[in-house]
Amino acid sequence: MLTTLLPKIEQRYAVAGTIFGSFLPTICLAADTLLSEPSGASLFGLSAPTATALALMPVFFGVGFYQIGRSKAQLLAELYHRRRTEARLRHDACHDRLTGLANRFCLERDIQAVVDAGAAQGAGDIWPALLLLDLDRFKYVNDSLGHGAGDELLAAIAARLLAALTPTARVYRLGGDEFVVTVADCPSPGKVEDVCRTICALFDEPFDLRSGRVSSGCSIGVTFMNASDASMSELLKRADFALYEAKEAPGSSFRFFDAALADEARMRAEIEHDLARAVAAGEFHLEYQPIVSVEDRTVHAFEALLRWMHPERGLIMPERFIPAAERTGLVLALGNWAVREACLAAARWPVPAGVAVNVVGDQFKDRDFVDYVKACLAEAGLAPERLTIEVTESIFSVDEAVIRDSLGELRRHGVRVALDDFGTGFSSINNLRALPIDQLKIDRSFARAMMENKRDADLVEIILKLGQTFGVTTTVEGIESEGQLDFVRARGACEAQGYLISEPLPAAAVAGFLTRGRTRLSA
């Protein structure tokens with residue numbers, strides 16, 4: 001009641017001081033009244049100033065207590081603001097400012113708490129699962145719509161995760177476009193799979209941003225905590241291994257960590273570590289596989305195939321080390337070496353046999369790449385028309401205008417351009433129209449499949465007709481039998497390549513192969 005009437009501390013102190021200050025004048029007045037003489041003379045004989053002072057004592061005490069109360073109110077207000085500031089700082093230290101989610105520091109603290117609790121209980125039934133999420137196409141959103149749209153997308157994703165998973169799981173943001181979800185109480189793999197599918201389903205619907213609608217996906221790496229985990233980094237490392245595999249699958253997907261993944265990850269790390277040394281040590285070499293006419297098996301060219309002879313692991317194929325070279329940035333040096341080496345080798349072959357060299361998108365990011373190819377041709381004394389640059393449709397991840405201009409300049413110089421592995425990935429007629437190409441190579445996966453089912457046979461026939469429509473040479477890779485060769489010949493293929501013709505040859509064997517010529521190649 002008193003707090004309602006007097007909400008401020010200084011007001012309550014002033015009332016208390018006034019009441020306290022009234023006690024002495026009241027006591028003096030009562031004593032004077034009770035103990036005064038019958039004659040009416042005052043017992044105390046208070047003078048006028050004294051009486052005035054006594055009368056003003058309630059005011060003096062009220063003012064004094066008011067000041068005390070005011071000081072206390074200021075102190076309490078300062079303590080309150082300090083506590084709020086401390087609470088806000090504690091919250092900011094453990095939460096991401098953009099999304100409001102718990103952050104990396106909070107995740108590390110929570111994981112350590114689980115580890116400590118597990119060690120104290122000596123039980124193995126409390127370990128949670130950890131899901132590491134990485135967004136698809138986030139860089140595209142940032143680059144095309146701006147960082148503001150990227151931040152808006154992150155906040156929208158965080159809101160969906162919170163709405164869908166709370167209180168089943170806890171959501172964290174590590175930074176960038178990476179999130180972590182922990183599922184407590186030793187969940188079964190089946191329960192974790194359900195959580196992963198729930199998360200993937202959140203990306204089925206596009207996100208409405210101020211700049212427009214944006215679609216995204218996610219990849220998820222899953223691991224379980226265990227008693228041997230001493231830090232968050234060990235846990236995230238396992239989840240990252242699984243995430244790497246999940247990103248290889250199209251669309252939103254998830255993958256559980258297992259021992260095989262660990263071995264694969266170690267192998268990748270060792271390959272990445274050895275690459276720089278191997279380039280400097282000259283451990284790479286080229287082998288050459290013939291590309292022949294389907295009509296008379298005349299050799300038109302050889303495809304240069306890169307090989308790595310590791311001093312301990314033996315022969316390592318490109319599918320093992322090219323991704324590592326791309327991740328480490330060594331693919332430019334390695335690819336340029338292959339172009340130069342192939343030109344020098346082909347210059348020693350009899351005319352008109354040419355050479356085809358695979359080129360990756362990262363090489364086109366180098367503005368000097370076209371000039372480098374021209375310099376290699378000049379150094380080797382090789383006619384430009386005897387060199388074919390093979391590219392895959394993955395080069396569209398680089399600026400399309402740069403690719404088109406670079407390939408156009410090479411063609412004007414006389415170099416031939418081939419679109420390799422057509423039929424896989426994102427093959428489209430638009431790519432055939434956009435790229436200046438001379439040759440279309442059908443991926444080897446179709447060679448066997450076309451003999452086994454009508455659908456793949458029809459696809460090969462359609463691709464061959466596309467080549468005829470665009471007026472380019474068509475080459476079918478992976479030919480291993482006479483039946484396959486007869487099949488593609490009957491449907492209009494121009495060239496064939498595969499083990500029926502020859503396995504890849506070392507550089508020293510090419511001249512002998514060409515000398516034997518049609519005698520070796522005749523059926």
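This is a predicted model: local features need pLDDT of at least 70, side-chain atom pairs count only at pLDDT 80 or more; totals for chains, interfaces and linings use all residues.

A: **Salt bridges, pair by pair**

Arg 313 and Glu 270 form a salt bridge, and their closest N and O atoms are 1.8 Å apart. Arg 313 has a relative accessible area of 37%, and Glu 270 has a relative accessibility of 36%.

Another salt bridge joins the side chains of Asp 458 and Lys 454, at 2.8 Å from N to O. Both residues lie in helix H17 (residues 454-470), four residues apart, which is about one turn of the helix. Asp 458 is partly exposed at 29% relative accessible area, whereas Lys 454 counts as exposed at 63%.

Asp 486 pairs with Arg 489 in a salt bridge whose closest N and O atoms are 2.7 Å apart. These two residues are three residues apart in helix H18 (residues 482-490), so about one helical turn separates Asp 486 from Arg 489. Asp 486 is partly exposed, with a relative accessible area of 40%, and Arg 489 is partly exposed at 25%. Elsewhere, salt bridges that share partners join Glu 303, Glu 390, Lys 441 and Glu 477 into one network.

In total, the structure holds 28 salt bridges. Side chains of opposite charge can pair when their charged atoms come close.

Conventions:
Residues are numbered from 1 along each chain as its sequence is written. Side-chain values use heavy atoms; hydrogens and water are left out. A salt bridge is a side-chain nitrogen of Lys or Arg within 4 Å of a carboxyl oxygen of Asp or Glu. Buried means under 20% relative accessible area, exposed over 50%, partly exposed in between (1.4 Å probe, protein chains only).
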